[in-house]
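Here are my notes on this one, as numbered points. Have the model open while you read.

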Amino acid sequence: ASVAVGSFLVVIVCKLLTTCLEKIWPSIVRPPAVQSVLDLTEEVKDLREQHKELNHPDTFVAASKVKRKLDAKEMMLQRAKQESASMSTSHNKNFLLAVFQVVGPGIVAVSWWGKEVAALSPTAVWPLSGPLSFPTHSAGVIGVLPWIFICQRC
C-alpha cells in the first residue's frame, strides 16, 4: 500500500510541476522580447498614422520616407513576433517537461520494480489480470509499471 501511495504522489507531483512550468514559462523566458513586440507595435501604429497624414501629392517625399520606415519597422515586428513564438516552444521547455514527465515516474519504476502495489482477487481484475500483473507477479496483483501508467492517466 505504501508503494501505491508513494508512486501515486510522485506521479502527481511531476504532473503538477509540468502544469506549473507550462503556465509560467512565458514569464520566465525573455520578458523583454514581449516588451519589444509591444514597443514595435506602438511604433508601427504611430508610423501608419503619420503616413496617412502625409499621403498627399505635395508631401510625397516625406510620405515615402515614413513609408520606408514603416516597412522596416513592420519587418522588425514580424521577426520579433516569430522570435517570441519560438521561445514558447523552445527546446529548453520541452526538455524540462520531458524530465518531469519521464524521469520522475522512471525513478519510481526502477526503485519499486519488483514490488507489488496491490493484491486483488483474480476475478476482480479478470480481463486485465495479465497486463496489470506485469512484470513478474501472479494474477490479481498489480505491478508498479501498470500502476504508474494508471496514475499518469488520471
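1. Start with His51, which sits in helix 2. Keep in mind throughout that this is a predicted model. His51 has a relative accessible area of 18%, so it falls under the 20% limit and counts as buried. Setting aside neighbours within four places in sequence, His51 touches Ala63, Val66 and Lys67.

2. One of those contacts, Lys67, has a salt bridge of its own. Its partner is Asp71, with the closest N and O atoms 3.5 Å apart. Both Lys67 and Asp71 belong to helix 3, and their spacing of 4 residues is about one turn of the helix. Lys67 is partly exposed, at a relative accessible area of 34%, and Asp71 also counts as partly exposed at 34% relative accessibility.

3. How many salt bridges does the structure hold? The count is 3. Take Lys73 and Glu43, whose side chains meet at 2.8 Å, N to O. That pair links distant parts of the chain, with Lys73 in helix 3 (residues 60-88) and Glu43 in helix 2, 30 residues apart. Lys73 is partly exposed at 23% relative accessibility, and Glu43 is partly exposed with a relative accessible area of 32%.

4. Glu74 and Arg48 also form a salt bridge, at 2.6 Å from N to O. Glu74 is in helix 3 and Arg48 in helix 2, so this pair ties together parts that lie 26 residues apart in sequence. As for cover, Glu74 is partly exposed at 26% relative accessibility, and Arg48 is partly exposed with a relative accessible area of 47%.

5. Have a look at the surface charge too. Which residues gather in a patch of negative charge? They are Asp39, Glu42, Asp46, Glu49 and Glu53. Glu42, for one, lies in helix 2, which spans residues 31-54.

6. Over to helix 1, where Cys14 is found. Is Cys14 buried or exposed? Cys14 is buried, with a relative accessible area of 10%. Cys14 and Gln101 are 87 residues apart in sequence, yet their C-alpha atoms are 6.2 Å apart in space. Leaving out neighbours within four places in sequence, the contacts of Cys14 are Phe100, Gly104 and Pro105.

7. Val5 lies in helix 1, which runs over residues 2-28.

8. Now the whole chain. It has 6 helices and 2 strands, and from the N terminus on the order of elements is α-α-α-α-β-α-β-α. Of the 154 residues, 27% are buried. Considering contacts between residues at least 6 apart in sequence, 66% join residues at least 24 apart. The accessible surface of the chain is about 10,300 Å², and carbon and sulfur atoms account for 66% of that area.

Technical notes: Residues numbered from 1 in each chain as written. Predicted model: local features only at pLDDT ≥ 70, side-chain atom pairs only at ≥ 80, totals over all residues. Heavy atoms only, no water. Patch = residues over 30% accessible without salt bridge, like charges linked within 9 Å, V, L, I, M, F, W, Y side chains within 5 Å. Areas by Shrake-Rupley, 256 points an atom, 1.4 Å probe, with all protein chains shown as cover. Salt bridge = Lys/Arg side-chain N within 4 Å of Asp/Glu carboxyl O. Lys, Arg positive; Asp, Glu negative; His and termini not counted. Charge placed at Lys NZ, Arg CZ, Asp CG, Glu CD. Buried < 20%, exposed > 50% of the residue type's maximum accessible area, 1.4 Å probe, protein only. Contact = heavy atoms within 4.5 Å.
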